[in-house]
Amino acid sequence: MVAVPGSHTGWTFITNHARVLAAIADNPNIRIRDIAAHCRLTERAVQRIISDLEQDGYLSHTREGRTNTYRVEPDKVLRHPAEAGLTVAALLSLLVRDETDRIGEPDSHSGPLAATGGTGQ
């Protein structure tokens, strides 16, 4: 089991829901335990966030054996009125590492928005 690093005190710019969504967009086959470690959350918190995102149509998954493959809905509009018209793809373009940042990493996959079916722009 991967240990969750210590929690952060004070406010942050990005919500836990956005962090989880970005981790999934970066790797559509990521495990909940790896999301939790990356986002500094508990596995249970990640499960609740994924449930929220699926319930509101921002995310879906298919089960392949013991692995979930997630699909982010890139054209879905963000919920808050202050972000009216801003899509998930636009948000993720700011949060997900670009393919050029991954050169030399053994884990790289097909692109920053591979889970969304998007092109990254």
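This is a predicted model: local features need pLDDT of at least 70, side-chain atom pairs count only at pLDDT 80 or more; totals for chains, interfaces and linings use all residues.
Figure 1. Four helices and two strands make up the elements of the chain, and reading from the N terminus their order is α-α-α-β-β-α. If we take the contacts between residues at least 6 apart in sequence, 47% of them join residues at least 24 apart.

**Figure 2. Where helix α2 meets helix α3.** Here we look at α2 (residues 32–39) and α3 (residues 43–55), whose axes come within 8 Å and cross at roughly 105°. Angles of 65 to 115 degrees count as roughly perpendicular, so α2 is roughly perpendicular to α3. On the α2 side, the contact is made by Ile32, Arg33, Ile35 and Ala36, and these meet Glu43, Val46, Gln47 and Ile50 of α3. Sorted by class, this contact between α2 and α3 has five nonpolar residues, one polar residue and two charged residues.

**Figure 3. The buried side of helix α2.** Three names to find in this view are Ile35, Ala36 and Cys39, the buried residues of α2. They lie on the same side of α2 because they cover an arc of only 100° around the axis. Their packing partners are α1 (16–26) and α3.

**Figure 4. The residue that follows helix α2.** Follow the chain past α2 and you come to Arg40. The phi of Arg40 is positive, near 60°.

How values were computed: Residues are numbered from 1 along each chain as its sequence is written. Side-chain values use heavy atoms; hydrogens and water are left out. Axes are lines fitted to C-alpha atoms, for helices over the stretch in contact, and angles run from 0 to 180 degrees between N-to-C directions. Angles under 35 degrees count as roughly parallel, over 145 as roughly antiparallel, 65 to 115 as roughly perpendicular and the rest as oblique. Contact means heavy atoms within 4.5 Å. Ala, Val, Leu, Ile, Met, Phe, Trp, Tyr, Cys and Pro count as nonpolar, Asp, Glu, Lys and Arg as charged, and the others, Gly among them, as polar. Buried means under 20% relative accessible area, exposed over 50%, partly exposed in between (1.4 Å probe, protein chains only). The arc is that of the directions from the helix axis to the C-beta atoms.
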